[in-house]
Amino acid sequence: MDDYLAGFGEEPGYLDFARVGPLARVAAEETLAFTQVLERARHGSMDAFRDQDRRLRDAASALTGIAADRIVAIPNTTTGLMHAMFGLTGTVLLSPAEFPSVPIAAVRANEALHSVQPAWLETDHGKVTPGLIREQLEANVAAVAVSLVDSRTGYLCDLEGIRQVIGDRLLIVDAIQGFGIVDAPWEVADVVVSGGQKWCRAGWGTGVMALSERAAERLTPVFSGYTGTVDDEVWDEVPSPAPGARAFRVSNPDPIAGARFAAVLEELSEVGVEAVNSRVAENVSRVIDLADEFAVPVASSRDERERAGIVVLEPEPEQVTVLTASLHNHGLTTTTRLGTVRLSVHAALDEETVEMLRGAFVSFNTAAAY
């Protein structure tokens, strides 16, 4: 854990991992190493790039428990969601309050192919729960799509509960807001997609998509490219897509992106996601306690079973700008969106950041009093 925490190199005041995580040390080192290999192109050195796709899939497999041959590299979460939605036939139940990449993928697939129909789930202030799904689950629903952690409310959904409710329907999970810090029951999901640029701190251009055998059978690989066939570079004919996850490859993945994501996942496997989650939970509780000390309203869940790394503050509407300015003036990086202020806390939380946050809350209370 000490080595893992030493890999956080951002300056004090950064509380915005839900937007993007500053590069982990191992990711930065891997990027530099492979960039230099590509720059010099020494005889025989280029073969190392071909190994990074397998390395990434093995690393993701070790972290999730999903077999490597059911995992495919993707450049970002949205690409995986597009694969899933365009490949689906039938009705998909989802909340319109999800992060836009989820509902937009469903609507675009409907507009283009008319093979998938979105059914809009009414939620409890954005929270998707097994009970609400049970109440609104119609016989024609073929799949349910949900975020593991809601980006707006910070709510950690109950994947096991949802699986019990939906039976053998496909469960599509946008995992990016919890991947790397939540020890989720990945085996209950049929499609798991996540980028690596947020909590994993692997940088943009990184991601994985994992498919259950059921998903591989039911989803049509609409965007299957020339590397999505059984054999590489089949010339003079157009072969069928490969069976399983490989069919969802469009082209060769970026090997440098794959290397840095693999390095991060390998480190996480050594430390243990459960241990990282425990440290995140401690830091989230500390931030919530600090907000309580200064009577700054916390809208996100206080229950550790319903949260990951996101703390949502919701002052009175006329005070949102005041709070945002106070945080900014004290050097804190956060996100203000739709009337709330989001603090996203990782396993590393230094004392200087805590004191900066305390100072911002003091300034906010002083300004709000006037």
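I started with Asp292, which comes out as partly exposed at 37% relative accessibility. Keep in mind that this is a predicted model. Its partner is Arg302: the two side chains meet in a salt bridge, 2.7 Å from N to O. Asp292 is in helix 11 (residues 273-293), while Arg302 is in the loop between helix 11 and strand 8 (310-313), so the pair links distant parts of the chain, 10 residues apart. Arg302 is partly exposed too, at 45% relative accessibility.

Next I checked Glu30. Which residue does Glu30 form a salt bridge with? I found Arg55, with the closest N and O atoms 2.6 Å apart. Are Glu30 and Arg55 buried or exposed? Both are buried. I also noted that Glu30, Arg55 and Glu266 are joined into one network by salt bridges that share partners.

Then I looked at Asp168, which forms a salt bridge with Arg218 at 3.7 Å between the closest N and O atoms. Asp168 sits in the loop between helix 8 (159-166) and strand 5 (170-174), and Arg218 in helix 9 (residues 213-218), 50 residues apart. I get a relative accessible area of 47% for Asp168 and 39% for Arg218, and I logged Asp168 as partly exposed and Arg218 likewise.

For the tally, I have 18 salt bridges.

Key:
Residues numbered from 1 in each chain as written. Predicted model: local features only at pLDDT ≥ 70, side-chain atom pairs only at ≥ 80, totals over all residues. Heavy atoms only, no water. Salt bridge = Lys/Arg side-chain N within 4 Å of Asp/Glu carboxyl O. Helix = DSSP H or I, 4+ residues; strand = E, 2+ residues; numbered from the N terminus. Buried < 20%, exposed > 50% of the residue type's maximum accessible area, 1.4 Å probe, protein only.
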